[in-house]
Amino acid sequence: SGYDGSGIVVAVLDTGLDANHSAFSTKHFTSENFVLTYDEVKNVLNDTVASTMVEGLSVDDVYISEKVPFGFDYADGDPDPYSTHNNHGTHVSGVIVGKDDTITGVAPNAQLVSMKIFSDVVDTARTSWILSALEDCVVLDVDVINMSLGTACGFSRQHKFLSGAFVL
């Protein structure tokens, strides 16, 4: 279709991001239409919820690259969106904006805002973490928000799965 995501900012609210993965390198990022620049992040950073969570938070703490101009861990309250135990957020981000010699996401020239809302210590995503990240999506003026939030088949209690069927 010719669409490559140029000029679009996608926020992924999930388990975090391995920003060192080759799919998020600027090597394959060919867009020249950077919507969320270093200076733009610097100008709005003090208006973010993230800035209230870490004293003295600076743009250098959250700005990873032109490809990933903002990353923050709302669950554990630090500027490192890397997950120590779950790579789902990296996988989802790769499907959306990733590009390297192996994979090409659906919008490889879109910028990525990585908002970690699942803790490395607590096995859940608290509503306050999700809402804080969403508030910052508004401040950062992202174009698209992806949230992969779920439970087993959408049920509120755990079920046993047998050969594609589930037992209540």
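## Aromatic pairs

Y63 is buried, with a relative accessible area of 18%; buried here means under 20% relative accessible area, exposed over 50%, and partly exposed in between, with a 1.4 Å probe and protein chains only. Accessible areas come from the Shrake-Rupley method with a 1.4 Å probe, and for residues only the protein chains shown count as cover. The model is predicted: local features need pLDDT of at least 70 and side-chain atom pairs count only at pLDDT 80 or more, whereas totals for chains, interfaces and linings use all residues. Residues are numbered from 1 along each chain as its sequence is written, and side-chain values use heavy atoms, with hydrogens and water left out.

A search of the whole structure finds three aromatic pairs. Rings of Phe, Tyr and Trp (its six-membered ring) pair if their centres lie within 6.5 Å; planes under 30 degrees apart count as stacked, over 60 as edge-to-face and the rest as tilted. One of the pairs, F29 with F34, is tilted, at 5.7 Å centre to centre and 40 degrees between the planes. F29 is buried at 8% relative accessibility, and F34 is partly exposed at 28%. The ring centres of Y38 and Y63 are 5.2 Å apart and the planes stand at 75 degrees, so this pair is edge-to-face. It links distant parts of the chain, with Y38 in helix 1 and Y63 in the loop between helix 3 and strand 2, 25 residues apart. Helices (H or I, at least four residues) and strands (E, at least two) are DSSP runs, numbered from the N terminus. Y38 is partly exposed, with a relative accessible area of 30%.

## Salt-bridge network

The structure holds three salt bridges, each defined as a side-chain nitrogen of Lys or Arg within 4 Å of a carboxyl oxygen of Asp or Glu. D73 forms a salt bridge with K116, the closest N and O atoms being 3.0 Å apart. D73 lies in strand 2 and K116 in strand 3, so the pair ties together parts that are 43 residues apart in sequence. Both partners are buried, D73 with a relative accessible area of 1% and K116 with 0%.

K116 also forms a salt bridge with D76, again with the closest N and O atoms 3.0 Å apart. D76 lies in the loop between strand 2 and helix 4 (88-97), so its pairing with K116 in strand 3 ties together parts that are 40 residues apart in sequence. The side chain of D120 meets that of K116 in a further salt bridge, at 3.3 Å from N to O. D76 is partly exposed, at 27% relative accessible area, as is D120, at 25%.

## Nonpolar cores

A nonpolar core is a set of buried Ala, Val, Leu, Ile, Met, Phe, Trp, Tyr and Cys residues joined through side-chain atoms within 4.5 Å. The largest has 27 residues, and those with the most contacts inside it are F70, F72, Y74, V113, M115 and L140. At least two residues each are supplied by strand 1 (9-14), helix 1 (38-44), helix 3 (59-62), strand 2 (70-73), strand 3 (111-116) and helix 5 (127-140). Helix 5 gives the most to this core, with five residues. Apart from this core lies another, of 12 residues, among them V10, L17, A107 and A110.

Contact means heavy atoms within 4.5 Å. With neighbours within four places in sequence left aside, the contacts of M115 include V12, L13, F70, F72, A133 and L140. S114 lies in strand 3 and is buried at 1% relative accessibility.

## Helix 4

Seven of the 10 residues of helix 4 are buried, so the helix is largely enclosed by the rest of the structure. These buried residues are G89, T90, V92, S93, G94, I96 and V97. They pack against strand 1, strand 3 and strand 4.

## Surface features

I145, M147 and L149 form a nonpolar patch on the surface, with about 240 Å² of accessible area together. Patches are made of residues with over 30% relative accessible area and no salt bridge: like charges are joined within 9 Å, nonpolar side chains (Val, Leu, Ile, Met, Phe, Trp, Tyr) within 5 Å. M147 lies in strand 4 (residues 144-147) and is partly exposed at 39% relative accessibility.

D141 lies in the loop between helix 5 and strand 4 and is exposed, with a relative accessible area of 56%. Although D141 is not a glycine, it has a positive phi of about 60 degrees.
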